[in-house]
Every structure is written in C-alpha cells, then in structure tokens.
Amino acid sequence: MSPRRNRPRGAPKASSAREGQDRYGLEHTEEWRGEEWVVRRISGGAAAKHYRCPGCDQEIPPGVPHVVAWQREGSVDDRRHWHGACWGARERRSARMRRPGGAQRWM
C-alpha cells in the first residue's frame with residue numbers, strides 16, 4: 001500500500017516564511033496605554049530560552065508557551081516575553097521594568 005498523501009499532487013509547498021509564521025505564531029496588534037503593540041503568541045516548541053516576565057517578574061522556562069509583545073514604533077530590543085495570563089491581566093497590574101544596575105521601577 002502506498003503512503004497517504006496529505007495534499008493534492010502538484011500543490012505548492014509552504015514557503016519558509018510561512019513555516020516561520022506557523023512556528024512562531026501570527027502577529028496582531030493591540031492597543032495598550034494609548035499605543036499600538038505588536039503581539040505574537042509563541043508555542044511551547046518554539047520557546048527555547050529562559051525569559052523574565054515583566055508582569056509578574058517570574059521566569060518563563062524553555063518549552064512554555066507565552067506571548068511576545070513590543071510597541072509598534074519601538075525597536076526589536078524592546079520586545080518583552082510575557083506569560084499569557086500576565087499579558088491578559090496587564091490592565092489590572094503594572095509591569096516591572098528592570099533598570100541598568102538591577103533597580104526596578106513600576107510602569
């Protein structure tokens with residue numbers, strides 16, 4: 001018996017850009033504090049590093065699905081990795097932002 005085909009013959013393969021979107025999630029924008037934020041959901045399989053959530057100041061270990069958000073007008077260096085629940089509750093709490101030297105301030 002021949003293997004089952006998942007797509008019709010002659011169908012084009014997905015481009016590498018599309019595969020990247022599937023792995024890292026599609027981006028969308030949300031309004032927060034009067035500014036547009038780009039938001040991307042990251043699957044557990046794509047989460048390969050340790051991050052610190054600015055909502056709860058707890059670690060996000062590798063393999064845990066989470067949210068990456070940054071201001072539309074900001075730079076790539078301004079991306080922050082949030083727990084999904086912390087991003088959803090961002091209106092009810094303020095985020096901790098680390099200053100150089102380890103001091104913290106509240107946004």
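**Reading the model**

Modeller: Cys-56 counts as buried, with a relative accessibility of 19%. Buried means under 20% relative accessible area, exposed over 50%, and partly exposed in between, with a 1.4 Å probe and protein chains only. This is a predicted model, in which local features need pLDDT of at least 70 and side-chain atom pairs count only at pLDDT 80 or more, while totals for chains, interfaces and linings use all residues. Residues are numbered from 1 along each chain as its sequence is written, and side-chain values use heavy atoms, leaving out hydrogens and water.

Colleague: How many disulfides are there?

Modeller: A disulfide is a pair of cysteine sulfur atoms within 2.5 Å. The count here is zero. For Cys-56, the closest cysteine sulfur belongs to Cys-86 at 3.8 Å, which is too far for a bond. Cys-53 also has its closest cysteine sulfur in Cys-86, at 3.7 Å, again too far. Cys-53 is buried, at 0% relative accessibility.

Colleague: Which residues form the largest nonpolar core?

Modeller: In soluble globular proteins, nonpolar side chains tend to be buried together. A nonpolar core is a set of buried Ala, Val, Leu, Ile, Met, Phe, Trp, Tyr and Cys residues joined through side-chain atoms within 4.5 Å. The largest one here has 11 residues, among them Cys-53, Cys-56, Cys-86, Trp-32 and Trp-82. At least two residues each come from β2 (35-42), β5 (66-71) and α2 (84-88); helices (H or I, at least four residues) and strands (E, at least two) are DSSP runs numbered from the N terminus. A second, separate core has six residues, including Val-38 and Trp-70.

Colleague: What is the strand order of the sheet?

Modeller: Strands of a sheet pair through backbone hydrogen bonds, either parallel or antiparallel. Two strands count as paired if DSSP finds at least two bridges between them. The four strands form an open sheet in the order β1-β2-β5-β6, with antiparallel pairing. β1 (27-32) and β6 (80-82) are at the edges, each with a single partner strand, so one side of each lacks a neighbour in the sheet. Six bridges join β1 to β2, and Trp-32 stands opposite Glu-35 in β2.

Colleague: Is His-66 buried or exposed?

Modeller: His-66, which lies in strand β5, is buried at 4% relative accessibility. A polar contact is a pair of N or O atoms within 3.5 Å; within protein, one must be able to donate a hydrogen and the other to accept it, and residues adjacent in sequence count only if both atoms are side-chain atoms. The side chain of His-66 makes such a contact with the side chain of His-81 (2.9 Å) and reaches the backbone oxygen of Val-64 at 3.0 Å.
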